[in-house]
Amino acid sequence: MKRKGDAKNVQTELETELKKNWRLAGTFLSTGLLTDACRACLLLALLFTAASRLGAQSNSRQGDSNAAVQTQMKNVRYHFTESATVFIKTLSGELLPTEAAEFPVFDDKDSFRVRIGYAEIDIAAADLASIFNSYVFARANSPLKGVSMSIENGHLKIKGKLHDVGTIPFETESTLSPTDDGKLLLRTGKVKALHVPVKGMMNLFGVEIADLIKNGKLPGVEARGDDLVLNPSLVFPAPHMDGRVTATRIEGNTIVLTFGDKNRATKARRGGNYMSFRGNRLRFGKLTMTDVDMILIDMDPTDPFDFFLDRYKDQIAAGYSKISSNSALRIFVKDFNKLRKSSVTAKGAD
């Protein structure tokens with residue numbers, strides 16, 4: 001990622017480099033001892049040398065600005081909101097700073113995104129509906145409201161209300177599959193509104209789903225005919241997850257998504273439930289780590305590591321940490337769901 005103004009800086013430095021050597025080159029060019037061909041060769045050599053030097057400098061700067069932090073997660077129940085979660089069975093990837101940030105900062109979810117190399121992530125239908133209601137369809141002008149989701153006979157059933165054509169209750173049944181460009185396709189099999197097949201109503205009023213859900217009106221939701229396409233990097237709240245959906249399946253009332261190529265999965269750093277971070281810089285609270293080597297470890301490995309970034313300080317404060325002789329940091333963290341229970345108990349005791 002190049003910083004803004006790099007192209008202008010490179011151009012300025014190229015001109016400076018040429019001016020620096022122009023006097024010497026001019027001495028040879030003005031002697032009259034060189035043929036036209038030699039003069040042309042000299043000019044080309046001068047330009048090539050200057051561009052090569054500046055190209056190397058530019059590449060060096062680009063490498064310095066690569067602030068990606070390697071990450072690995074195992075058996076993590078990750079909270080997007082207090083109630084809506086996904087279960088990360090495994091994830092290998094990077095935390096990348098967003099354009100406005102110098103490096104990832106835990107206290108600012110908009111300062112970074114997660115670029116997934118490989119992951120297996122489960123999400124319950126009810127949690128997906130919660131995320132849609134609180135994030136995707138939260139805008140006042142959203143055409144869909146009051147969405148609920150469930151799995152029935154291997155299909156995703158969605159219920160809600162259409163606001164762009166009056167408050168009309170609707171329900172759909174869809175199958176799930178990845179698209180060629182790595183998104184999630186909801187192929188609609190049945191659509192009803194007011195308990196009447198919607199395709200008949202749409203033909204009657206000349207309305208299509210693509211007219212109700214205008215592309216770009218909702219973050220991460222695109223209409224293709226009667227089908228919907230979800231972009232996971234936009235559907236879920238920050239920090240956004242960038243990755244290609246390569247497989248989907250239904251298990252009970254849960255949608256299982258596979259991202260990326262399993263060959264890109266990294267070897268587990270340890271056993272149990274954890275989130276690890278390595279390399280470059282990372283800030284959490286008042287601490288900024290350089291050449292990061294940090295692992296957040298579940299204090300109770302008998303169940304998934306329940307983690308909520310909004311409350312990570314409370315979770316860390318309820319645990320303990322160790323620092324090795326080479327400055328590696330290991331933080332034993334209390335599950336968020338147990339933190340809430342203990343807080344309630346403590347207030348009751350007061």
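## A tour by selection

Start with R113 and D242: they form a salt bridge, with the closest N and O atoms 2.4 Å apart. A salt bridge here is a side-chain nitrogen of Lys or Arg within 4 Å of a carboxyl oxygen of Asp or Glu. R113 sits in strand β3 (residues 112–124) and D242 in strand β11, so the pair ties together parts that are 129 residues apart in sequence. Helices (H or I, at least four residues) and strands (E, at least two) are DSSP runs, numbered from the N terminus. R113 is partly exposed, with 29% relative accessible area; D242 is partly exposed too, at 23%. The cut-offs: buried is under 20% relative accessible area, exposed is over 50%, and partly exposed is in between (1.4 Å probe, protein chains only).

Before moving on, note that this is a predicted model: local features need pLDDT of at least 70, side-chain atom pairs count only at pLDDT 80 or more, and totals for chains, interfaces and linings use all residues. Residues are numbered from 1 along each chain as its sequence is written, and side-chain values use heavy atoms, leaving out hydrogens and water.

The salt-bridge count for the model is 19. D181 pairs with K183 at 3.9 Å, N to O. R224 also forms a salt bridge with D181, at 3.7 Å between the closest N and O atoms. This second pair links distant parts of the chain: R224 is in strand β9 (residues 221–224), D181 in the loop between β6 (168–178) and β7 (184–193), 43 residues apart. Shared partners join D181, K183, E222 and R224 into one network of salt bridges.

**Select D127.** Look in helix α3 (residues 125–136). D127 is buried but has no salt bridge; R77, the nearest side chain of opposite charge, is 5.3 Å away. For charge, Lys and Arg count as positive and Asp and Glu as negative; His and the chain ends are not counted. Which side chain does D127 meet in a polar contact? That of T85, at 3.5 Å. A polar contact is a pair of N or O atoms within 3.5 Å; within protein, one must be able to donate a hydrogen and the other to accept it, and residues adjacent in sequence count only if both atoms are side-chain atoms. Beyond four places in sequence, D127 is in contact (heavy atoms within 4.5 Å) with S83, A84 and T85.

**Select E82.** This residue is in the loop between β1 (69–79) and β2 (85–97). Its C-alpha is 7.3 Å from that of F308, 226 residues away along the chain.

**Select F277.** The largest nonpolar core has 65 residues, and F106, F277, M294 and L296 have the most contacts inside it. Such a core is a set of buried Ala, Val, Leu, Ile, Met, Phe, Trp, Tyr and Cys residues joined through side-chain atoms within 4.5 Å. Residues touching F277 include V69, L95, F106, M294 and L296.

Strands β12 (residues 245–251) and β13 (residues 254–260) run antiparallel, joined by six bridges. Strands pair if DSSP finds at least two bridges between them. R249 stands opposite V256 in β13. Two residues separate the strands of this hairpin, and G252 in the turn has a positive phi of about 65 degrees.

**Finish on the backbone.** N75, in strand β1, has a positive phi of about 55 degrees without being a glycine. A cis peptide bond joins A238 and P239, with omega about 0 degrees.
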